[in-house]
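Student: I would like to go through this structure by question and answer. Can we begin with the aromatic rings and then turn to the strands?

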Amino acid sequence: MPPFAGGPLLALPLLLLALPALGAVHFREQFLDGAKWQERWVFSQEKSNYGKFRLTAGSFYGDPEADKGLQTSENLKFYAISSRFNPFNNKGKPLVIQYTVKHEQKIDCGGGYVKIFPSNLNQKNMSGESQYYIMFGPDICGSDTKKVHVILNYKSKFYPNKKQIRCKVRSGTIFDNFLITDDEAYAEEFGDETWGETKYPEQKMSQKLMEEEKKRERAREEEERRRIEQVPKKAAPRKKQKRTLAAKKEEL
């Protein structure tokens, strides 16, 4: 997990755990140890032209260190990378999958979803054809495809969500929170609490950057207006008056 397509987008801290009472955390990635993330994550080599990831907090964030993640570095590329964790069984327990994807531009086509694979996955050969248990996250392409994938694989049969979930196309962070549980109220409360830690600081910084860009745009427009005003105006050429036929007759 996870494969990505499109870009650029930012995959921020990812969490996989089984509840109750915040019990076993099976996978947690926060990218807080610099370049060591490359020791845990494996780039797929199934295609020679996959794009490369880089570690950054992006151009706007809630915290410059805590919000670091893997950013796609090129447009119009497919991306595939995975990290391994120990097998587990969540029978009788809610399962939570959480991660965030930040779009720093309003994309036309790109996916930012994660997949949970079997433990025997060949990570270097991972592709879109690799078997998976869970697929979850946003997929955007043109005006027709703007949805959140939720697909479960049970006994080799795929079960997509029956009701389509539309995703918003905008810049900023999308918090993806997927819970397998019978308690809907608990799922909603859990998501609100965890997302709130990042949402508001990032929104504040994003708004500040937008305001600064508007100021720069107004300054550029004012400079252009002054430049136009300073250009010397050329005198309009005088038009020669044409004599009428009647005037010509009088002269004769």
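Student: How many aromatic pairs does a search of the whole structure find?
Tutor: The model is a predicted one. Rings count as a pair if their centres lie within 6.5 Å. A search of the whole structure on that basis gives nine aromatic pairs.

Student: Is the pair of Phe27 and Trp41 stacked, tilted or edge-to-face?
Tutor: The ring centres of Phe27 and Trp41 are 6.1 Å apart, and their planes stand at 80°. Planes over 60 degrees apart count as edge-to-face. The pair is therefore edge-to-face.

Student: How many residues apart in sequence are the parts that this pair ties together?
Tutor: Phe27 belongs to strand β4 (residues 25–29), while Trp41 belongs to strand β5 (residues 41–43). Both Phe27 and Trp41 are buried. The parts tied together are 14 residues apart in sequence.

Student: What kind of pair do Phe85 and Phe88 make?
Tutor: Their ring centres are 6.1 Å apart and their planes are at 40°. Planes under 30 degrees apart count as stacked and over 60 as edge-to-face, with the rest called tilted. The angle falls in that remaining range, so the pair is tilted.

Student: Is Phe88 buried, partly exposed or exposed?
Tutor: Buried means under 20% relative accessible area, and exposed means over 50%. Phe85 has 18%, so Phe85 is buried. Phe88 has 29%, which makes Phe88 partly exposed.

Student: Which residue lies over the face of Phe43?
Tutor: A charge sits over a ring if NZ of Lys or CZ of Arg is within 6 Å of the ring centre and within 35 degrees of the ring normal. Lys47 is placed in this way over Phe78, at 5.2 Å from the ring centre. Over Phe43, at 5.2 Å from the ring centre, lies Lys52.

Student: Why is strand β12 described as largely enclosed by the rest of the structure?
Tutor: Strand β12 covers residues 134–141. It pairs in the antiparallel sense with strand β10 (residues 109–111) over three bridges, and with strand β13 (residues 145–154) over eight bridges.

Student: Which residue in β13 is the bridge partner of Ile134?
Tutor: β12 and β13 run antiparallel where they pair. The bridge partner of Ile134 in β13 is Leu152.

Student: What is the area of the nonpolar surface patch that includes Leu152?
Tutor: Leu152 makes the patch together with Tyr154, Tyr159 and Ile180. Tyr159, found in strand β14 (residues 157–160), is partly exposed at 40% relative accessibility. The area of the patch is about 370 Å².

Terms used:
Residues are numbered from 1 along each chain as its sequence is written. This is a predicted model: local features need pLDDT of at least 70, side-chain atom pairs count only at pLDDT 80 or more; totals for chains, interfaces and linings use all residues. Side-chain values use heavy atoms; hydrogens and water are left out. Buried means under 20% relative accessible area, exposed over 50%, partly exposed in between (1.4 Å probe, protein chains only). Helices (H or I, at least four residues) and strands (E, at least two) are DSSP runs, numbered from the N terminus. Two strands pair if DSSP finds at least two bridges between them. Patches are made of residues with over 30% relative accessible area and no salt bridge: like charges are joined within 9 Å, nonpolar side chains (Val, Leu, Ile, Met, Phe, Trp, Tyr) within 5 Å. Accessible areas come from the Shrake-Rupley method with a 1.4 Å probe; for residues, only the protein chains shown count as cover. A salt bridge is a side-chain nitrogen of Lys or Arg within 4 Å of a carboxyl oxygen of Asp or Glu. Rings of Phe, Tyr and Trp (its six-membered ring) pair if their centres lie within 6.5 Å; planes under 30 degrees apart count as stacked, over 60 as edge-to-face and the rest as tilted.
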